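Reader: I'd like to learn how to read a few features off a model like this one. Could you walk me through them, with the general idea first and then the case at hand?

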Amino acid sequence: MCIITTRSFLLIKILQSHSCALTCFTLQLFELESCTYTYLLADTETKEAVLIDPVLETVDRDLKLIHELGLNLKVAVNTHCHADHVTGTGIMRKKVVGLKSAISKFSGASADIQLSEGDKITFGKQYLTVRETPGHTDGCVTLVLADQSMAFTGDALLIRGCGRTDFQQGCAKTLYQSIHEKIFTLPDECLVYPAHDYLGRTVSTVGEERKFNPRLTKNLDEFMDIMKNLNLPNHQLVINLPTWTFIFFVDI
């Protein structure tokens with residue numbers, strides 16, 4: 001594992017899966033203002049790649065990196081409609097010939113690919129499997145690498161936490177069930193890569209979160225009570241995109 005840091009707003013972390021390690025690599029990139037992780041996955045043999053959760057402000061950075069690495073970006077996928085930053089998918093589609101966008105069919109957003117449970121996002125000989133994990137939003141998905149060595153959990157499961165459930169179609173009961181049935185059923189050693197972290201943490205595992213997550217080690221009633229009483233501050237954010245407008249209240 002190698003970590004390369006350049007400038008305060010850019011973190012690139014080179015990740016490796018287990019059985020896929022020889023033909024697949026993943027880069028973890030960081031956007032400072034929203035503390036968002038973007039993930040670039042690529043098949044090292046075919047050079048086909050997929051980008052998870054691109055951020056509008058870092059589109060040029062990401063495309064420059066993809067060009068430098070000689071990759072062919074096939075799909076830009078969002079784990080959900082983001083309330084805390086604007087996705088870079090739309091502008092990327094204008095800059096990359098043949099690039100397709102993807103998001104859950106339950107998100108209410110437009111995309112070339114409307115994702116459902118069990119769908120596969122392929123890049124070369126590799127693929128990500130879609131697991132629907134609503135609760136933070138209706139359209140949240142977790143993307144699991146073919147060998148189940150990595151799970152990209154979006155805002156559903158965070159490191160020692162989870163996404164808030166008090167707005168944007170949030171439902172604490174649904175989120176609890178999603179995480180326990182769709183993420184905690186993965187192998188203990190499966191690496192958990194969330195869409196955000198505000199404390200500088202970059203990775204966890206399914207086993208760690210099952211054992212140490214202070215919210216999700218509780219029973220359902222206790223979890224719902226915790227989520228009801230988070231008392232998070234609300235900050236209004238308006239997102240204007242070509243075909244829709246969102247007005248959300250964001251915890252910062």
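Reader: Let's start with Lys95: what is its relative accessibility, and how does Lys95 count?

Author: Keep in mind that this is a predicted model. Exposure classes come from cut-offs: under 20% is buried, over 50% is exposed, and partly exposed lies in between. Lys95 has 47% relative accessibility, so Lys95 counts as partly exposed. Asp60, with a relative accessible area of 53%, is exposed.

Reader: Which salt bridge do Lys95 and Asp60 take part in?

Author: For a salt bridge, you look for a side-chain nitrogen of Lys or Arg within 4 Å of a carboxyl oxygen of Asp or Glu. Here the side chains of Lys95 and Asp60 pair up with each other, at 2.8 Å from N to O. Distant parts of the chain are linked by this pair: Asp60 belongs to helix H1 (residues 59-68) and Lys95 to helix H2 (residues 89-95), 35 residues apart.

Reader: How many salt bridges turn up in the whole structure?

Author: Eleven, if you search all of it. Another one pairs Asp62 with Arg61, where the closest N and O atoms are 2.8 Å apart.

Reader: Are Asp62 and Arg61 buried or exposed?

Author: Both Asp62 and Arg61 are buried.

Reader: What about Glu209 and Arg160: what joins their side chains?

Author: A salt bridge again, this time at 2.5 Å, N to O. Glu209 sits in helix H4 (residues 206-212), while Arg160 is in the loop between strand E13 (157-158) and strand E14 (161-162), so the pair ties together parts 49 residues apart in sequence. Glu209 counts as buried because its relative accessibility is 0%. Arg160, at 27%, counts as partly exposed. There's a further partner to include: Arg160, Glu208 and Glu209 form one network through salt bridges that share partners.

Reader: On to helix packing. At what angle do H3 and H5 pack?

Author: Look at the axes: helix H3 (residues 172-183) and helix H5 (residues 220-228) pack at about 125°, with 9 Å between the axes. That angle makes H3 oblique to H5. As for handedness, the crossing of H3 past H5 is right-handed.

Reader: Which residues of H3 and H5 make the contact?

Author: From H3 it's Ala172, Lys173, Leu175 and Tyr176, and from H5 it's Leu220, Phe223, Met224 and Met227. By type, the residues in the contact of H3 with H5 are seven nonpolar, one charged and no polar.

How values were computed. Residues are numbered from 1 along each chain as its sequence is written. This is a predicted model: local features need pLDDT of at least 70, side-chain atom pairs count only at pLDDT 80 or more; totals for chains, interfaces and linings use all residues. Side-chain values use heavy atoms; hydrogens and water are left out. Helices (H or I, at least four residues) and strands (E, at least two) are DSSP runs, numbered from the N terminus. Buried means under 20% relative accessible area, exposed over 50%, partly exposed in between (1.4 Å probe, protein chains only). Axes are lines fitted to C-alpha atoms, for helices over the stretch in contact, and angles run from 0 to 180 degrees between N-to-C directions. Angles under 35 degrees count as roughly parallel, over 145 as roughly antiparallel, 65 to 115 as roughly perpendicular and the rest as oblique. A crossing is left-handed if the near helix is turned anticlockwise from the far one by less than a right angle, and right-handed if clockwise. Contact means heavy atoms within 4.5 Å. Ala, Val, Leu, Ile, Met, Phe, Trp, Tyr, Cys and Pro count as nonpolar, Asp, Glu, Lys and Arg as charged, and the others, Gly among them, as polar.
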